[in-house]
Amino acid sequence: ETYAHDATNFKTLGTKIKSTKADFMYIAVYTPQPAVALIKQLRDQKTSIKILTNETLFTEDVVVQNKQILEGVVGVREYTELVSLEAKTFAEKYQKKYGEPLAFPALMANYYSQFYLLRSAINNVADKSSAVRDWLARLKHWEHALGRLAFDESGNRLAQYEVLTTKNGKVELKEMIDSAVPLPEPEIINASTSPQSSTLAR
């Protein structure tokens, strides 16, 4: 199922989700407003499904403003400390330009650093796509605002992630996960999203 990024009415989708009788669902969202509306309408329909999501819903203002709606929601975000010189410089420049701190530090640092990563690849192996791919596959301990970057043999980034939940209008840490440690693959309701739409699927 998909919905527009500015959708507000999720009654039909909520009914369909409830009919699956799934234990939990995952919602990946670009902006918090539609996800909050969806979760509220699921609550209104007395849907008991557990909700997992990404870091978009775990900013302090979103959680405080939607305390009852988001109670018990679980989410995952990449762990970052922003302690390197590049990270501190990036955060300071952002604060100066926009007058506010980074809302999603790990996500924004990743977007910022990817351009420097691509430049490093091109400087090292020119701009052939296959050469860039192979250079990235061999990459170990490249550092920038996102922290230290390395990949496993499958091409997945090695990083740490925070499992969060909301309780009484506050974000609480449930667990830290290291992606270098293999985890079993559970059967879940999956969701993917873009700035234009979100997708829910089994």
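Predicted model: local features only at pLDDT ≥ 70, side-chain atom pairs only at ≥ 80, totals over all residues.
**Helix packing and the open sheet**

User: Where does Ala121 lie, and is it buried or exposed?
Analyst: Ala121 lies in helix α5. Its relative accessibility is 1%, so Ala121 counts as buried; buried means under 20% relative accessible area, exposed over 50%, and partly exposed in between, with a 1.4 Å probe and protein chains only. Ala121 and Arg133 are twelve residues apart in sequence, with their C-alpha atoms 8.8 Å apart.

User: How do α5 and α6 pack?
Analyst: Helix α5 (residues 105-125) packs on helix α6 (residues 129-137) at an angle of about 110°, and their axes are 9 Å apart. The axes are lines fitted to C-alpha atoms, for helices over the stretch in contact, and angles run from 0 to 180 degrees between N-to-C directions. The two helices are therefore roughly perpendicular, the class for angles of 65 to 115 degrees; under 35 is roughly parallel, over 145 roughly antiparallel and the rest oblique.

User: Which residues make that contact?
Analyst: From α5 come Leu117, Ser120, Ala121, Asn124 and Val125, and from α6 Ala131, Val132, Trp135 and Leu136. They divide into seven nonpolar, two polar and no charged residues. Ala, Val, Leu, Ile, Met, Phe, Trp, Tyr, Cys and Pro count as nonpolar, Asp, Glu, Lys and Arg as charged, and the others, Gly among them, as polar.

User: Changing topic, how many helices and strands are there?
Analyst: The protein has six helices and ten strands. These are DSSP runs numbered from the N terminus: helices are H or I of at least four residues, strands E of at least two.

User: In what order do the five strands form the open sheet?
Analyst: The order is β2-β3-β4-β7-β8, with mixed pairing; two strands pair if DSSP finds at least two bridges between them. The edge strands, each pairing on one side only, are β2 (24-27) and β8 (170-178). From one strand to the next, the twist averages 25°.

User: In what sense do β2 and β3 pair?
Analyst: β2 pairs with strand β3 (residues 50-53) in the parallel sense over four bridges. Phe24 has Lys50 in β3 as its bridge partner.

User: Which residues form the covered face of β3?
Analyst: Ile51 and Thr53 form the covered face, and Lys50 and Leu52 the uncovered one. In a regular strand, side chains alternate between the two faces of the sheet.

User: Which residues does Arg43 touch, beyond those up to four places away in sequence?
Analyst: Arg43 touches Ile51, Ile69, Leu70, Glu71 and Val73. This arginine, Arg43, lies in helix α2 (residues 32-44), and at 30% relative accessibility it counts as partly exposed.

Notes:
Residues numbered from 1 in each chain as written. Heavy atoms only, no water. Contact = heavy atoms within 4.5 Å.
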